[in-house]
Structure formats: structure tokens, C-alpha cells
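Welcome! Please take a look at the sequence and the model below, and then we will walk through them together.

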Amino acid sequence: ITPREDTGETGKQVGDPRNSNWKPLGWMIFALTFLILASDLLIPCVDEFAGRIGIPEAVIAATLVAFGTSTPELMTAISAIRKGHPELTLGNIMGADALNILFVIGVSATATPLAVAPVFYRIQAPMMIGMLLLFQVYLLLNKNEFRRWQGVLLVVGYIAFITVQYLFH
């Protein structure tokens with residue numbers, strides 16, 4: 001029998017079954033499965049409900065469906081902040097945005113041409129660029145630190161985005 005070495009950090013020993021990688025992998029598979037099933041329910045239900053109350057499809061796509069598909073990123077961000085890793089929040093959000101813009105749209109357009117609604121050029125793209133510029137200015141002004149009041153302004157900006165979309169579509 002070989003002696004077990006203490007890892008020092010958690011008090012668990014090397015070779016301890018509690019150090020298994022299977023438990024986190026199991027939770028990850030469970031969470032991904034739940035996410036897929038929930039999105040299969042969320043998107044058609046939101047689309048149907050919003051359509052019945054007269055919200056245009058472009059507004060549904062840019063707001064309700066986008067919010068539903070971004071909820072996992074929000075939960076990841078909150079979890080990272082609560083565990084003392086706020087830097088993961090920006091990486092998560094920026095990485096997801098880059099993935100969506102470059103990869104998801106790229107693969108989708110490769111599969112079939114994508115129609116771009118005129119509202120994208122009039123409202124969505126200018127507001128998205130404006131928010132990204134505002135975000136960049138905040139970071140530059142505060143020496144790479146994001147403050148609470150700036151977060152509030154971004155949330156207000158998102159509410160304005162939804163309102164403008166609905167009113168001018």
C-alpha cells in the first residue's frame with residue numbers, strides 16, 4: 001500500500017475517490033441536457049405568446065428569444081462573481097458574443113442564406129454598436145474597472161433598446 005499525499009488545499013488526499021472528475025462531468029452533462037430541453041420549450045412558447053399579443057417577429061428575436069438564450073451566460077456571470085472571479089464574467093460574455101457573431105452566424109449563413117430585416121440596419125446594429133462603444137469608454141475611464149452605476153446605465157440602455165424596437169417596428 002502506498003501512502004497518500006495530502007493536496008493541502010482541500011484536505012483531500014491524492015487517490016481519494018472524492019477527487020474524481022466524474023462528478024463535475026456528470027453535472028455538466030445534466031446542465032447541458034436541461035438547457036437544451038428548456039430552450040426547446042422556451043423559444044416556441046415565447047414566439048407563440050408574443051405573436052398572439054402582436055409583438056413583431058424581429059422584436060421577438062432580438063429581445064425575448066435573445067434573453068432566453070442568454071440566461072445561462074447571466075447565471076454563469078453571477079456564479080463567477082459570487083465565487084470571487086469577476087474576470088470570468090467579461091470573458092464569458094465577450095467570448096459568447098464573438099461565438100454568436102462569428103461562428104453561429106457564419107455556420108448558419110454557410111448552410112443557407114440569411115435574410116436581414118431592415119430593422120437590423122435602422123435600430124439593432126446602431127444600438128449594438130453604441131452600447132459596445134459606451135462599454136469601452138467606461139472601461140477606459142475607470143482604468144479597467146466596471147462600476148455599479150455603469151452597469152445600471154447599461155441595463156437602462158437595454159430597456160431603451162427593447163422599447164425603441166417595439167415602438168418603431
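**A walk along the helices**

Tryptophan 27 and phenylalanine 30 sit 3 residues apart in helix H1, about one turn of the helix. Helices here are DSSP runs of H or I with at least four residues, strands are runs of E with at least two, and both are numbered from the N terminus. Before going further, please note that this is a predicted model, in which local features need pLDDT of at least 70 and side-chain atom pairs count only at pLDDT 80 or more, while totals for chains, interfaces and linings use all residues. Residues are numbered from 1 along each chain as its sequence is written, and side-chain values use heavy atoms, with hydrogens and water left out.

Back to our two rings. Tryptophan 27 and phenylalanine 30 are both exposed; exposed means over 50% relative accessible area, buried under 20%, and partly exposed in between (1.4 Å probe, protein chains only). Rings of Phe, Tyr and Trp (its six-membered ring) pair if their centres lie within 6.5 Å; planes under 30 degrees apart count as stacked, over 60 as edge-to-face and the rest as tilted. The count of such aromatic pairs comes to 4. For tryptophan 27 and phenylalanine 30, the centres are 5.8 Å apart and the planes are at 85°, so this pair is edge-to-face. The rings of tyrosine 158 and phenylalanine 161 have centres 6.1 Å apart and planes at 35°, so that pair is tilted. Tyrosine 158 is partly exposed, with a relative accessible area of 31%, whereas phenylalanine 161 is buried at 14%.

Now step back to the whole chain. The protein has 5 helices and 0 strands, and 17% of its 169 residues count as buried.

Where is the largest nonpolar core? Its 6 residues are Val46, Ala50, Ile55, Val59, Ile60 and Val65. Such a core is a set of buried Ala, Val, Leu, Ile, Met, Phe, Trp, Tyr and Cys residues joined through side-chain atoms within 4.5 Å. Helix H1 (22–52) and helix H2 (57–82) each supply at least two residues of this core, and H2 gives the largest share, 3 residues. Leaving aside neighbours within four places in sequence, valine 46 is in contact (heavy atoms within 4.5 Å) with Ile60 and Leu64.

Finally, turn to helix H4, where phenylalanine 120 has its place. Phenylalanine 120 is partly exposed, with a relative accessible area of 31%.
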